[in-house]
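Subject: Structure for you to look at, with notes

Dear colleague,

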Amino acid sequence: VRRILSGIQPTGVPHLGNFLGALRQWVQLQDQPAQTVVYSIVDLHALTAHPPVPPATLRDSIHNSARVLLALGINPKKSILFQQSQVPAHTQLQWVLTCVTSVGWLNRMTQWKTKAGSSPADAAPPAALKMGLFAYPVLQAADILIYRATHVPVGEDQHQHLELARDIAKVFNTTYKTNLFPMPQAVSTSAKRIMSLTDPTAKMSKSHANPKSRIDLTDSDSTIAKKVRGAVTDSDPTVTWDPDTRPGVANLLSLYAACRDLDPASLPEGELKGVVGMVNLKKKVAECVVDTVRPVRDEYLRLGGEVGYVKAVLEEGNARARAEADATWEMVMKAVGMK
Ligand code: AQP
């Protein structure tokens with residue numbers, strides 16, 4: 001039986017990169033028979049943001065993330081939608097996993113190295129960096145393993161962390177001579193990493209300071225058009241697929257392709273044949289992004305009048321997730337000898 005788990009950080013409003021890289025797939029996966037599907041708003045992970053997210057903002061982001069997830073089609077009858085911090089077994093398991101995870105493994109994590117800003121791979125990270133950021137992938141492994149998940153739909157940027165979760169599962173099983181944790185495997189979309197509109201060499205990110213760098217799933221049609229118009233490209237007016245030399249144009253083509261389920265390399269000689277000039281390309285891209293975002297945003301706005309419903313969905317999800325997670329925690333305590 002498949003057990004599916006994934007999560008999203010409430011560090012802001014989910015954006016188009018989250019949607020095309022992961023969330024769209026969350027919706028599709030919940031329609032298959034005989035499986036357990038668990039989707040988490042991972043607020044404990046959001047505490048690793050620096051500077052910290054102000055409490056009132058975090059509270060709003062948790063609620064708004066739930067609203068966006070419901071708006072894009074997560075169905076609480078088919079999936080358990082819950083808030084991570086309300087299920088204590090995540091952090092309980094994290095501690096146990098921390099005790100079998102090597103510091104060397106965590107030091108190799110690209111996200112840690114990027115966020116730590118230590119570009120030479122062997123440079124020591126600044127001492128003021130927080131333990132939470134370093135241990136983030138262990139909590140992520142606990143998020144997955146506490147549901148004994150077999151399938152994890154995540155964007156390409158998270159594959160290294162998932163690989164680590166498998167290593168941690170393996171070392172736990174070996175250390176405690178058990179087969180408690182199955183090896184979780186990634187489920188990927190064809191949309192790879194969606195890049196920032198203002199810097200096509202960095203990924204589109206919720207927590208980036210410049211809101212023009214991303215398209216939020218709650219943006220109006222005119223905001224989307226404005227952001228796409230402002231996207232960084234280059235001075236060549238032709239439309240070609242050259243991710244290495246023309247990353248800005250490639251990112252626009254990737255967006256178009258992902259929204260329409262096409263191969264981006266095929267666009268210059270296919271659907272976008274004859275399009276010349278960045279203004280024209282951006283018009284085309286804005287149109288298809290608007291078509292993709294509009295239904296989600298409209299439902300999000302409608303759910304603004306249903307605060308009680310959104311809260312009730314999370315509360316019920318929290319209780320169901322606790323039951324699932326506590327069952328695994330019992331098994332972990334027995335395997336380790338705490339019970
Ligand atoms: N740019 C992206 N392109 C494709 N997929 C992406 N994902 C994130 N950014 C992109 C995927 O979205 C899911 C949820 O992400 P997350 O909230 O757990 O954390 P993140 O990867 O750190 O996303 P952000 O938006 O960059 O958040 P911040 O700024 O808070 O760090 C994941 O499956 C991720 O792969």
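This is a predicted model: local features need pLDDT of at least 70, side-chain atom pairs count only at pLDDT 80 or more; totals for chains, interfaces and linings use all residues.

Residues are numbered from 1 along each chain as its sequence is written.

Domains

The chain is divided into domain 1 (2-187 + 306-336) and domain 2 (211-301), with bounds that come from an automatic or database domain assignment. Their C-alpha centres lie 30 Å apart, and the contact between them takes 11 residues from domain 1 and 11 residues from domain 2, where two residues are in contact if their C-beta atoms, placed from the backbone, lie within 7 Å. On the side of domain 1 that touches domain 2, helices H1 and H3 (55-71) each supply at least two residues, and the largest share, 4 residues, comes from H1. Helices (H or I, at least four residues) and strands (E, at least two) are DSSP runs, numbered from the N terminus. By class, that side of domain 1 has 8 nonpolar, 2 polar and 1 charged residues; here Ala, Val, Leu, Ile, Met, Phe, Trp, Tyr, Cys and Pro count as nonpolar, Asp, Glu, Lys and Arg as charged, and the others, Gly among them, as polar.

Strands

Strands E1 and E2 run parallel and are joined by 7 bridges, and E2 (residues 35-41) is in turn joined to E3 by 4 bridges, again in parallel; two strands pair if DSSP finds at least two bridges between them. Within these pairings, Leu5 has Val38 of E2 as its bridge partner, and Ser40 stands opposite Phe82 in E3. E2 is mostly covered, since 5 of its 7 residues are buried, and a residue is called buried if 20 or more other C-beta atoms lie within 10 Å of its own, exposed if 12 or fewer, and partly exposed in between, with C-beta atoms placed from the backbone. In a regular strand the side chains alternate between the two faces of the sheet. Strand E3 (residues 80-83) is covered on both faces, with Ile80 and Phe82 buried on one side and Leu81 and Gln83 buried on the other.

Helix H4

In helix H4 (residues 89-98), the buried residues are Ala89, His90, Leu93, Gln94, Val96 and Leu97. These residues lie on the same side of H4 because they cover an arc of only 165 degrees around the axis, the arc being that of the directions from the helix axis to the C-beta atoms. What covers them includes helices H2 (43-46), H7 (131-145), H8 (159-175) and H12 (307-336).

Ligand shell

Around the ligand there are 19 residues, of which Thr11, Gly17, Gly21, Gly155 and Ser207 come nearest; a residue is near a molecule if its C-beta atom, placed from the backbone, lies within 6 Å of it. Strand E1 (2-8) and helix H1 (16-29) each supply at least two residues of this shell, and H1 gives the most, with 4 residues. The shell divides into 5 nonpolar, 10 polar and 4 charged residues.

Single residues

Tyr147 is placed in the loop between H7 and strand E4 (151-153), and Tyr147 counts as buried because it has 26 C-beta neighbours inside 10 Å. Leaving aside neighbours within four places in sequence, Tyr147 is in contact with Arg3, Leu5, Val38, Glu324, Ala325 and Thr328. Tyr147 and Trp329 are 182 residues apart in sequence, yet 9.4 Å apart in space, C-alpha to C-alpha.

Some backbone angles may also deserve a look. Most residues other than glycine have a negative phi, and most peptide bonds are trans. The bond from His50 to Pro51, however, is cis, with omega near 0 degrees, and Pro51 lies in the loop between H2 and H3. Ala34, in the loop between H1 and E2, has a positive phi near 50 degrees, and Ala34 counts as exposed because it has 6 C-beta neighbours inside 10 Å. Lys177 likewise has a positive phi, of about 45 degrees, in the loop between H8 and strand E5 (185-187).

With best regards
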